[in-house]
Amino acid sequence: MSEKLLVPDIGEFEKVEVIELLVKAGDQIKVNDPVITIESDKSSVEIPSTITGTIESVSVKIGDKVSKGDLLLNILASKKTSSEKIIPKDTENIIKEAESILKNKEGNVEKIIKSQQTQKDQQPIIQVVNENDIDPLETQDWLESLSAVVEKDGNQRAHFLIKELINKAYKEGANIPYTQNTPYINTIPPEAEIKSPGDQNIERRIRSLIRWNAAAMVVRANKKFPELGGHIGTFASAATLYDVGMNHFWRSKNNKFGGDLVYFQGHSAPGMYARAFLEGRLNEKQLDSFRQEVKPGGLSSYPHPWLMPKFWQFPTVSMGLGPMLAIYQARYMKYLINRGLIKDEGRKVWAFLGDGEMDEPESLGAIGLAAREKLDNLIFVVNCNLQRLDGPVRGNGKIIQELEGSFRGAGWNVIKVIWGSYWDSLIANDKTGHLVKVMNETVDGEYQAMKARDGQYVRENFFGKYPETKELVSSLSDKDIWRLNRGGHDPHKVYAAYDKASKNQGSPTVILAKTIKGYGMGKTGESVNTTHQTKKLDVDDLLYYRDRFDVPLTDEQVKNVEYFKPDDKSPEIKYIQERRMNLGGFLPERTTYAKPIKAPAKDIFDFMKVSTGQKKMSTTMALVRMFTNLLRDKNVAPRLVPIIPDEARTFGIEGFFQKIGIYAHEGQKYEPEDSAQLSSYREVKSGQVLEEGINEAGAMSSWIAAATAYTNHDIEMIPIYIFYSMFGFQRIGDLAWAAGDSQARGFLIGATAGRTTLAGEGLQHQDGHSHLIAATIPNCISYDPTFHYELAVIFREGLRRMHEKNENVFYYITTMNENYAHPDMPKDKNCEEGILKGMYKIKEFSRYKKTKIQLLGSGAILREMMAAAEILQNEYQIDSEIWSVTSFNELRKDGMEVERYNLLNPDKDQKVSFVEQCLGKTEGPILAASDYMRMNSDQIRPYTNKSFYSLGTDGYGRSDTRKNLRKFFEVDKEHIVVYGLSVLAKEQLISSKYAKEAIKKYNIDGNKPMPTKL
Ligand SMILES: Cc1ncc(C[n+]2csc(CCOP(=O)(O)OP(=O)(O)O)c2C)c(N)n1
Ligand SMILES: [Mg+2]
């Protein structure tokens, strides 16, 4: 039966141009096959077929304008499908998911009952001691009732009743704030702790050696070169947290398993090196080259994959980036799993963070997302040593409680590891609740001060606060009191917490571990405000440290700060090796086994090499067209990861919503308002687009995760993050730096770029410097193309270099929203090379052969240059050569390198910079301009011997028409004519009267203040 395929609802658009016919009469098509591409002035979208069958006739041709309801194709529908109701692609998945949720739920009920039974035995009697209590007896009654409920019906029931009470009170007008805090004790009661299977004695010895060697390498480096710095206190506080993970939890990547991903706290790097030394991965010589990174083989001060590409995986030392990157890494792992690109192997992302670091807005900024996305593959460990660099993190408060509130409020599973095992019996004997009361009341400043003193001080100032607590420790010596350890230094407590965290389902976990900064460092470094800076330990400190951790070194060896590594056959080394072998290998270790992606054939870009004729379009639009084509390349399509922070409609890529779907781990639980439309908002579990919301830092973190998937997941991906160029590097500069360090590969697209192309927005939105910031990142390659064929050449080369040849670079490309016609790609065989190297001659005016000027234009301003050149020829008989500069940054890099070579090799053949190769033999001075600050074009000034002048958009942007903006910044064609004539006069090639006349003709005020001052 013959059926008609009509133009579907395409939203507010009418009379939209057909730009591609993807099918012809006689073709067999299936439901969802794209048949025609239509393009408005904002976006291009493919129309999919809703019918399976054979095409009888095509009713439109390229160039036709169509609207909703117009006939596109007549299709002879195959019987089966014509009557078949189209089942949405994801329905099946949704059903499967629902079934599995139901199953899980059933399982969970059993689990809950079981856990209630065990918890019943573990539940301590509820006690509260409160001075504000006006009727303690009544309180006691309530508490006893509650205890009875806990005993009889379990925690869940008790929780339910409390919630009901609160709800009731709320309904009756009492505004009872809900508290996210629990008492200042461990989340896991001792009875519920899962015990470590490890040999505690050996593990302690190993940990002591790691502690010693970590401190020794800092002290030795510092002795040799006091300027080198280093940190002992951070790792000293975190050694147990790392060791338990290394011995029991973190699985390495190998041929059977993808590996857990661990973000190590930047300042704890010495500890990782010290362990690698015991594991036999680093030798003494290497430890002695800590922080001496210039010679090959030196150990980097902090985790930097750029400097140690086989060791470090994640740069974390810029505080706040680690937590954010880890969250998006965990999210990206789920994305890859849900898209079927990697297996779900239960891999985890662990991130180690400082408590001071948690003050960074980035640290907490994405925790909501982690909970929302149910990232149970994510575990944060916050090392709460209560100190940062200058002093206490929260002297007057309690960082653990504060973080507990924030994380729990956001929906995380919170595990507090505050007290070590020595406290267990004290807490169990705290029948009056006074011990917990003191614990709750003591602020972090006091906790810190106590650990800088001794047992007697703790007895007096902590336990001495109430007679009940004083009594509690009356049989303990001061030494016993001093031995009362903190949870983060107790391997049993840490093991139990890690075990629980690893098994948690449905939410991310944060472990808040209380430790002591500079643990074991004695008077000079333990729990004192200067701990962070301590990098020198004198002999007494070292002897104390040795004794504190029983390191088997003689006094003499200690004085020489010798490293200690037991014999390879010793139980310690055997144990450490065996543990790691059981966990699949070593950590950290950076490897990649990703297969390259074959760059698409050149012809996929051919349509961008021919003129668009009368049709005007922006480079952003050209980019979207290019993506649409790339999505037809079977190698490239599945690897593309479009990332957008709530700007798809701004850039005209909302067509992707339907075509490849928006990633949503829960699919789509609602029918979108625009479901009938072609570009409706389609969220799907296997969606490809990462729609990040208004969150540039998050989007960039996603991009980094995707751009490093080749090493972290052994799969090469092609992330393309599209953003308002002003909210790119300026906003997320430090993440872009970390991306470079991480050896990210992918595309950053600064759309709506330039100071004058984005008319009507203003000071905040108009970017005249992103290329300059991009230039600060050594492995970032940036381009400012004007025409669609330039974009095509650049993009394809990017795909080839990064994803086929695996070069560790990333691309920043600016695209604009100014519509204009695009010409054919010049036939000149050097054009492609020029585009990639940064400049090529696009046009020449040579009618008069008297006076000549070289005009260099980039991005949006190239067309102003071309228009000015025409005026110069027609009205002033000036010839010119016009150069399209696709990248001042790339030209500068080449110029620098050539100049350096020539200066260092004065006796050899001197090389010629690419700028000079292009311009050296040309006639006339150079006038260069871009839509960016003059600094952009000035970058190449040193690399040519010719006179060089530049124009640019220095100053704050402002809202106006494009024409007025270009006039204001003096980069419009009239100003270029005037400046061109003036430059020629200054070079004494023409009389100055022409410039003077032109200034008058174009109404230019020579006394107008510099735009930077306006
Ligand atoms: C963005 C940023 N700002 C400042 C620093 C300098 N800095 C390094 S460590 C540190 C204190 C860290 O304290 P905390 O996070 O508590 O870690 P700890 O060493 O106590 O474990 C500071 C301010 C940095 N590395 N990164
Ligand atoms: Mg700290």
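This is a predicted model: local features need pLDDT of at least 70, side-chain atom pairs count only at pLDDT 80 or more; totals for chains, interfaces and linings use all residues.
Biologist: Is Gln387 buried or exposed, and what is its relative accessibility?

Modeller: Buried means under 20% relative accessible area. Asn385 is buried, with a relative accessible area of 5%. Gln387 likewise counts as buried, because its relative accessibility is 2%.

Biologist: What is the phi of Leu386, and where is this residue found?

Modeller: Most residues other than glycine have a negative phi. Leu386, which is found in the loop between β11 and α12 (399–410), counts as buried at 1% relative accessibility. Although Leu386 is not a glycine, its phi is positive, at about 70 degrees.

Biologist: Is Asn1003 buried or exposed, and what is its relative accessible area?

Modeller: Asn1003 has its place in the segment after α39 (993–1001), and it has a positive phi of about 60 degrees although it is not a glycine. Exposed means over 50% relative accessible area. Asn1003 is therefore exposed, since its relative accessible area is 65%.

Biologist: Why is strand β13 (residues 509–514) largely enclosed by the rest of the structure, and which of its residues point the other way from Thr509, Ile511 and Ala513?

Modeller: Six of the six residues of strand β13 are buried, so the strand is largely enclosed by the rest of the structure. In a regular strand the side chains alternate between the two faces of the sheet. In β13, Thr509, Ile511 and Ala513 point one way, and the residues that point the other way are Val510, Leu512 and Lys514.

Biologist: What is the order of the strands in the open sheet of four strands, and which are its edge strands?

Modeller: The four strands pair in the antiparallel sense, and the order of this open sheet is β5-β4-β2-β7. Each edge strand pairs on one side only, and the edge strands are β5 (44–48) and β7 (65–66).

Biologist: What is the bridge partner of Glu39 in β5, and at what angle does helix α24 (residues 619–630) run to β5?

Modeller: Strand β4 (residues 34–39) and β5 run antiparallel and are joined by five bridges. The bridge partner of Glu39 in β5 is Ser44. Helix α24 lies across β2 (16–21), β4 and β5, and its angle to β5 is about 30 degrees.

Biologist: How is helix α5 (residues 200–224) oriented to helix α23 (residues 571–582), and how many charged residues has their contact?

Modeller: The axes of α5 and α23 come within 10 Å and cross at roughly 95 degrees, which means that α5 is roughly perpendicular to α23. Ile202, Glu203, Arg205 and Ile206 in α5 meet Pro571, Glu572, Tyr575 and Ile576 in α23. By class, this contact has five nonpolar residues, no polar ones, and charged residues numbering three.

Biologist: Which residues of α23 make the contact with helix α6 (residues 233–249)?

Modeller: The axes of α6 and α23 come within 7 Å and cross at roughly 65 degrees. On the α6 side, the contact is made by Gly245, Met246, Asn247 and His248, and on the α23 side by Tyr575, Arg579 and Arg580.

Biologist: Which residues does Asn247 touch, not counting residues up to four places away in sequence?

Modeller: Asn247, whose place is in helix α6, counts as buried at 0% relative accessibility. Not counting residues up to four places away in sequence, Asn247 touches Glu203, Arg275, Arg579 and Leu583.

Biologist: What is the omega of the peptide bond that joins Leu587 and Pro588?

Modeller: Pro588 lies in the loop between α23 and β14 (616–617). Most peptide bonds are trans. The bond that joins Leu587 and Pro588 is cis, with an omega of about -10 degrees.

Technical notes. Residues are numbered from 1 along each chain as its sequence is written. Chains are lettered from A and ligands numbered from 1 in the order in which they are written. Side-chain values use heavy atoms; hydrogens and water are left out. Buried means under 20% relative accessible area, exposed over 50%, partly exposed in between (1.4 Å probe, protein chains only). Helices (H or I, at least four residues) and strands (E, at least two) are DSSP runs, numbered from the N terminus. Axes are lines fitted to C-alpha atoms, for helices over the stretch in contact, and angles run from 0 to 180 degrees between N-to-C directions. Angles under 35 degrees count as roughly parallel, over 145 as roughly antiparallel, 65 to 115 as roughly perpendicular and the rest as oblique. Contact means heavy atoms within 4.5 Å. Ala, Val, Leu, Ile, Met, Phe, Trp, Tyr, Cys and Pro count as nonpolar, Asp, Glu, Lys and Arg as charged, and the others, Gly among them, as polar. Two strands pair if DSSP finds at least two bridges between them.
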